Amino acid sequence: MELLAMAAQILDKNTAWALILEAVNRSNVTLSLPGSDTPALELWGDGDWQLRLHAGADARALLSVFLPLCCPLSREAPSRVIGQMGQSLDGRIATVTGASRFINGNDGITHLHRLRAVSEAVIVGAGTAATDNPRLTVRKAPGINPVRVVIDRNRRVPEDHHLFSDEASPTLRLVAGEYQPGNKLTPRQGVTEVPCLGTAETTDPAHILAVLADFGLRKIFVEGGGLTVSEFLNAGLLDRLHVMVAPMIIGSGRPAFSLPEISHLDSALRPRAQMMDLGTDMLFDLDFSQRADGHGR
């Protein structure tokens, strides 16, 4: 009987994910197992945590990757920004014709949906939105849909795409025009067009974060595409970057990252990293919050 009781107290991945959802925006608290009074996880104000139960390796890895994304932000803190890239072994995110569904496997897709679930807003560029017609909702894992944000300067994304037509979650459509800063209501439904991208062909990613903060959105997930994620990375605005690598060699096509050329390897980005075997894909969890080049936020 004692062995059976111990086995029942070992966290699996599903229970670990339930604890992660309970941990969103919470600190200095002890969380219990769902439907139980059994203490399972202690959270502290500095983002540290400790398990009170035994956990399988997969469950512990899931906690290690996601709990840093759950910590509450103080009123004065900058936005917390995580990016993701799904790529082949040779660093491609699409073929030369733009085909990209699906480079990552089912476990990688589940991870992507979990990232959405712990974020307040998810960003995509117009190219990705127009080509992939994504929903940007949480369907492969329990959780709440984030606010969807599309950077659509010239209104390239068709009006009948999911972001504008499915009513599954509110959408902010960022378009060209001058922006009037100030606090705004967080969108609850429908599509809100926000003139804020000025008249130039490019916009500082920091300005986009400021606009979203005006809407009360400060836990930001930059999902794609490659150019959009690269712009935030190059600007030093990513706190973490999740790179999911599929066991696939494409041999040609669109590269994952587009960054300025460097001449020497000591100029390369060298974030702290942990790796997690997702099953169908390998995850590289890269921590840029204290970058070795001195540009950590």
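Me: In which loop is the place of Arg-155?

Reply: This is a predicted model, in which local features need pLDDT of at least 70, side-chain atom pairs count only at pLDDT 80 or more, and totals for chains, interfaces and linings use all residues. Residues are numbered from 1 along each chain as its sequence is written, and side-chain values use heavy atoms, with hydrogens and water left out. Helices (H or I, at least four residues) and strands (E, at least two) are DSSP runs, numbered from the N terminus. In these terms, the place of Arg-155 is in the loop between strand 7 and helix 6.

Me: Arg-155 has a relative accessibility of 43%; what does this residue count as?

Reply: Arg-155 has a positive phi of about 55 degrees, although it is not a glycine. Buried means under 20% relative accessible area, exposed means over 50%, and partly exposed lies in between, with a 1.4 Å probe and protein chains only. At 43%, Arg-155 therefore counts as partly exposed.

Me: Is Glu-167 buried or exposed?

Reply: Glu-167 is another residue that has a positive phi without being a glycine, here about 60 degrees. Its place is in the loop between helix 6 and strand 8 (171–175). With a relative accessibility of 58%, Glu-167 counts as exposed.

Me: What is the relative accessible area of Ala-40?

Reply: The place of Ala-40 is in strand 2. Ala-40 touches Leu-19, Leu-31, Ser-32, Leu-33, Gln-50, Leu-51, Arg-52 and Leu-53, not counting residues up to four places away in sequence. Ala-40 is buried, with a relative accessible area of 0%.

Me: How far apart are the end C-alpha atoms of helix 4?

Reply: The expected span of a helix is 1.5 Å times one less than its number of residues. For the twelve residues of helix 4 (residues 106–117), the span should therefore be 16 Å. The model agrees with this, as the end C-alpha atoms are separated by 17 Å.

Me: How many of the twelve residues of helix 4 are buried?

Reply: The buried residues of helix 4 pack against helix 2 (13–23), helix 3 (57–66), strand 4 (80–88), strand 10 (219–224), strand 11 (240–246) and strand 14 (282–287). Among the buried ones are Gly-108, Ile-109 and Leu-112. Helix 4 is mostly covered, and the number of its residues that are buried is ten.

Me: Which residues of the largest nonpolar core touch the most other members?

Reply: A nonpolar core is a set of buried Ala, Val, Leu, Ile, Met, Phe, Trp, Tyr and Cys residues joined through side-chain atoms within 4.5 Å. The largest one has 43 residues. Those that touch the most other members are Leu-11, Trp-17, Ile-20, Leu-41, Leu-63 and Phe-66.

Me: Which residue in strand 7 does Ile-123 stand opposite?

Reply: Five of the five residues of strand 6 are buried, so this strand is largely enclosed by the rest of the structure. On one side lie Ala-121, Ile-123 and Gly-125, and on the other Val-122 and Val-124. Strand 6 and strand 7 (residues 147–151) pair in the parallel sense over five bridges. Within strand 7, Ile-123 stands opposite Val-149.

Me: What kind of peptide bond joins Gly-224 and Gly-225?

Reply: Strand 6 also runs parallel to strand 10, to which four bridges join it. In strand 10, Gly-224 is the bridge partner of Val-124, while Gly-225 is found in the loop between strand 10 and helix 8 (226–234). With omega about 0 degrees, the peptide bond that joins Gly-224 and Gly-225 is cis.

Terms used:
Contact means heavy atoms within 4.5 Å. Two strands pair if DSSP finds at least two bridges between them.
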